[in-house]
Amino acid sequence: MINADGVELWAERRGQGPDVLLIAGLGDPAEAWQSQLDGLADRYRLTAFDNRGAGRTPLPEGPLTVPRMADDAAALLRTLQIPAAHVTGFSGGSFIAQELALRHPGVVRSLVLMSTTARPDSYFRAMTRFWHWMVERAPDERAMLEAFYLWVYTPRAHADGMVDRLIDETLAFEHPQSAEAFQRQLAAFSRHDTSDRLGGIAAPTLVLSGELDLATPPRLGREVAESIPDAEFEVLPGEAHQPFQEVPEVFNARVEAFWRKVEAGD
């Protein structure tokens with residue numbers, strides 16, 4: 001555990017090279033980034049951490065907000081004496097990454113936003129309302145994950161056994177997220193709105209969307225990219241919400257090419 005300005009955050013650090021901060025999404029512990037921690041550590045120094053209420057980082061008393069979680073990320077970088085990092089955020093973690101770039105621009109060397117939006121639309125709000133009561137009313141945790149992962153992974157991953165394997169790993173994880181923590185993270189992410197502030201992001205930015213993403217479809221990612229000065233936007237063909245797990249080689253190669261371009265321009 002790392003004490004970051006009075007907040008106990010669990011973090012994993014791996015590798016050597018330019019610093020990369022990985023910010024996970026709803027319910028995900030740092031292990032969600034395992035393919036990046038394994039695949040990029042020979043060239044980058046990666047830091048992944050558990051957001052408040054996920055994995056080993058405790059759920060705080062009082063309101064849980066995206067700006068507060070962004071402040072946690074900035075405090076973590078300061079505590080680790082990282083002046084600035086390439087920041088990659090996924091889904092709810094991309095909301096945190098947006099706020100981090102707006103509230104603490106000096107610590108963001110570049111920004112990758114995967115499966116992102118500037119604010120919830122009506123579909124997103126309806127979906128998250130369903131998720132809120134699904135975590136309480138599903139007959140068991142396996143059934144809840146089977147339903148939840150319909151929004152997350154491709155039909156390919158359901159057909160080839162990947163989803164079954166991920167469910168088994170999640171059920172075996174020693175630090176499961178409580179229903180309360182899931183709901184409070186979900187509520188924080190559902191209130192996310194940077195739509196009128198994204199123009200203030202100065203960091204070089206890459207926005208990635210999965211072609212088949214149901215939760216944050218490409219039209220939402222395109223809106224984010226169009227709002228950030230000079231941001232790049234790319235749709236990953238045939239992928240859904242979580243391509244960094246389904247096709248890590250493709251994802252890793254794309255973000256590394258972006259980081260190299262940013263470093264070459266420094």
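Predicted model: local features only at pLDDT ≥ 70, side-chain atom pairs only at ≥ 80, totals over all residues.
Strands of a sheet pair through backbone hydrogen bonds, either parallel or antiparallel. Here 7 strands form an open sheet, and the pairing is mixed. The order is S3-S5-S4-S6-S7-S8-S9. Strand S3 (11-14) and strand S9 (232-236) are the edge strands, each pairing on one side only. On average, neighbouring strands are turned by 20 degrees against each other, direction ignored.

Now look at one pair in that sheet. Strand S4 (residues 19-23) and strand S5 (residues 45-49) run parallel, joined by 5 bridges. Aspartate 19 has arginine 45 in S5 as its bridge partner.

Next comes the helix that lies on these strands. H2 lies across S3, S4, S5 and strand S6 (85-90). Its direction is at about 150 degrees to S4.

Two packed helices are described by the angle between their axes and the distance between the axes. For helix H2 (residues 66-79) and helix H3 (residues 92-103), the axes come within 8 Å and cross at roughly 70 degrees. Angles of 65 to 115 degrees count as roughly perpendicular, so H2 is roughly perpendicular to H3. The crossing of H2 past H3 is right-handed. On the H2 side, the contact residues are Val66, Pro67, Met69, Ala70, Asp71, Ala73 and Ala74. They meet Phe95, Ile96, Glu99, Leu100 and Arg103 in H3. By class, this contact of H2 with H3 has 9 nonpolar, no polar and 3 charged residues.

Helix H4 (residues 122-137) and helix H8 (residues 179-190) pack at an angle of about 170 degrees, and their axes are 9 Å apart. Angles over 145 degrees count as roughly antiparallel, and H4 and H8 are therefore roughly antiparallel to each other. H4 contributes Phe124, Thr128, Trp131, His132, Val135 and Glu136. These meet Ala179, Phe182, Gln183, Leu186 and Ser190 in H8. The residues of the contact of H4 with H8 divide into 6 nonpolar, 4 polar and 1 charged.

Last, the salt bridges. The count comes to 21. One of them joins arginine 43 to glutamate 256, with the closest N and O atoms 2.6 Å apart. This pair links distant parts of the chain, 213 residues apart. Arginine 43 sits in the loop between helix H1 (34-40) and S5, while glutamate 256 is in helix H11 (residues 248-265).

Technical notes. Residues numbered from 1 in each chain as written. Heavy atoms only, no water. Axes fitted to C-alpha atoms, helices over the stretch in contact; angles between N-to-C directions. Helix = DSSP H or I, 4+ residues; strand = E, 2+ residues; numbered from the N terminus. Parallel < 35°, antiparallel > 145°, perpendicular 65-115°, else oblique. Left-handed = near helix turned anticlockwise from the far one by under 90°. Contact = heavy atoms within 4.5 Å. Nonpolar A, V, L, I, M, F, W, Y, C, P; charged D, E, K, R; others polar. Pairing = 2+ DSSP bridges. Salt bridge = Lys/Arg side-chain N within 4 Å of Asp/Glu carboxyl O.
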